[in-house]
Amino acid sequence: MLVTRMHRWKTVALTTAAVLVGLAAPTLTATPAAATTTAYDSTYYKNAVGKTGTTLKSSLHTIISTNVTKISYSAVWNALMATDQDPNNSSNVILLYSGVSRAKSLNGGDVGDWNREHTWAKSHGDFGEVVGPGTDLHHLRPADVQVNSIRGNLDFDNGGSAVTNGGGSTVDSDSFSPRAADRGDVARMILYMAVRYEGDDGFADLEPNEKVGNGSNPYMGKLSVLKAWNEADPPSAFEENRNNVIYNTYQHNRNPFIDHPEWVEAIW
Ligand SMILES: [Ca+2]
Ligand SMILES: [Ca+2]
C-alpha cells in the first residue's frame with residue numbers, strides 16, 4: 001500500500017520536472033494534496049476514512065488516543081536515538097531544524113550537544129515534561145542545543161534572518177521558520193498535537209491559530225503557514241519511518257497527517 005503513496009509523490013515530482021524543462025503542464029500552485037491510501041485504512045483508520053471536518057478530527061482523536069503507551073521524559077533520550085537515527089550512520093541522529101547528523105552519544109545540555117526539542121513548545125499550554133504531551137514522541141525531536149534555544153517557544157511563521165548553524169532556518173522577534181526540508185514535518189507534528197490533545201485528559205486543549213506571540217496560551221501559529229508547509233514538504237521516508245517506529249515500538253499510535261497529509265485540508 002505504501003507503493004500507492006510513493007507513486008503519488010513520484011508523479012508530482014515528474015510533473016514538476018516537466019515544468020522546469022518548459023513542457024506544457026498545469027501549474028501546481030494551491031493544488032490540495034490528493035487522497036492517499038495506506039495499509040492502515042481498513043484497520044487503524046477504518047472509522048475515519050471518508051469523513052471530513054470536525055467529524056474527521058473527532059474520529060482521529062479517538063483513534064490516536066486509545067491504547068496509547070506513554071513513556072517517561074528520561075526514556076525519550078533512547079527513543080529519539082531510534083526514531084531519528086541517521087539512515088546512513090547508525091551511530092548518529094539527524095537533528096531537526098539544522099539537518100545535521102550528530103553522534104547519539106552527544107546527548108546533553110552543552111554547546112555541541114543535542115537535546116530534546118518540544119516542537120509544540122511546552123510553555124504553550126504549560127504541559128512541561130511530565131508524562132503526556134511533554135513526553136509524546138510524535139512532536140519530540142533531537143535538535144542542536146543552541147538552535148533549540150534560539151527557537152525557544154516561538155510560534156512558526158515565514159521570514160526572519162538566518163539562524164547560526166541552523167541549516168537554513170530563520171528567526172525574527174516573534175516567530176521561527178525551520179529549514180525547508182523540515183517545514184512539513186513541523187506542520188504535521190503541530191497538527192497531530194492539536195488532534196491528540198482535546199482537553200479531556202487533564203491537559204490543555206491544544207489548537208493551531210493564525211497568531212504569533214501566543215506565549216503560554218495553548219495555541220500555536222500560524223495555521224495558514226503550517227498548511228502551506230504541509231503541501232510544500234510532503235512526508236519523506238525518514239518521517240514515515242519514525243512514525244512506524246513510534247507506532248510499532250513505543251506509543252502504538254500514529255500521526256495521521258504523515259499517513260494522510262490531505263487530512264490537514266480536510267479538517268482545517
Ligand atoms: Ca520533510
Ligand atoms: Ca485540540
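Is Tyr 250 buried or exposed? Tyr 250 counts as buried, because it has 20 C-beta neighbours inside 10 Å. The term buried means 20 or more other C-beta atoms within 10 Å of a residue's own, exposed means 12 or fewer, and partly exposed lies in between, with C-beta atoms placed from the backbone.

Some background. This is a predicted model, where local features need pLDDT of at least 70 and side-chain atom pairs count only at pLDDT 80 or more, while totals for chains, interfaces and linings use all residues. Residues are numbered from 1 along each chain as its sequence is written, and chains are lettered from A and ligands numbered from 1 in the order in which they are written.

Tyr 250 sits in helix 7, residues 237–250. Helices here are DSSP runs of H or I with at least four residues, numbered from the N terminus. Leaving out residues up to four places away in sequence, Tyr 250 touches Thr 69, Ile 71, Ala 79 and Leu 137; contact means C-beta atoms, placed from the backbone, within 7 Å.

Now the helix pair. Helix 3, residues 75–83, packs against helix 7 at an angle of about 130 degrees, with the axes 9 Å apart. Axes are lines fitted to C-alpha atoms over the stretch in contact, and angles run from 0 to 180 degrees between N-to-C directions. Helix 3 is therefore oblique to helix 7, since angles under 35 degrees count as roughly parallel, over 145 as roughly antiparallel, 65 to 115 as roughly perpendicular and the rest as oblique. Helix 3 contributes Ala 79, Ala 82 and Thr 83 to the contact, and helix 7 contributes Arg 242, Val 245, Ile 246, Thr 249 and Tyr 250.

Lastly, Val 76 is 174 residues from Tyr 250 along the chain, and their C-alpha atoms are separated by 9.9 Å.

Methods. Helices (H or I, at least four residues) and strands (E, at least two) are DSSP runs, numbered from the N terminus. Two residues are in contact if their C-beta atoms, placed from the backbone, lie within 7 Å.
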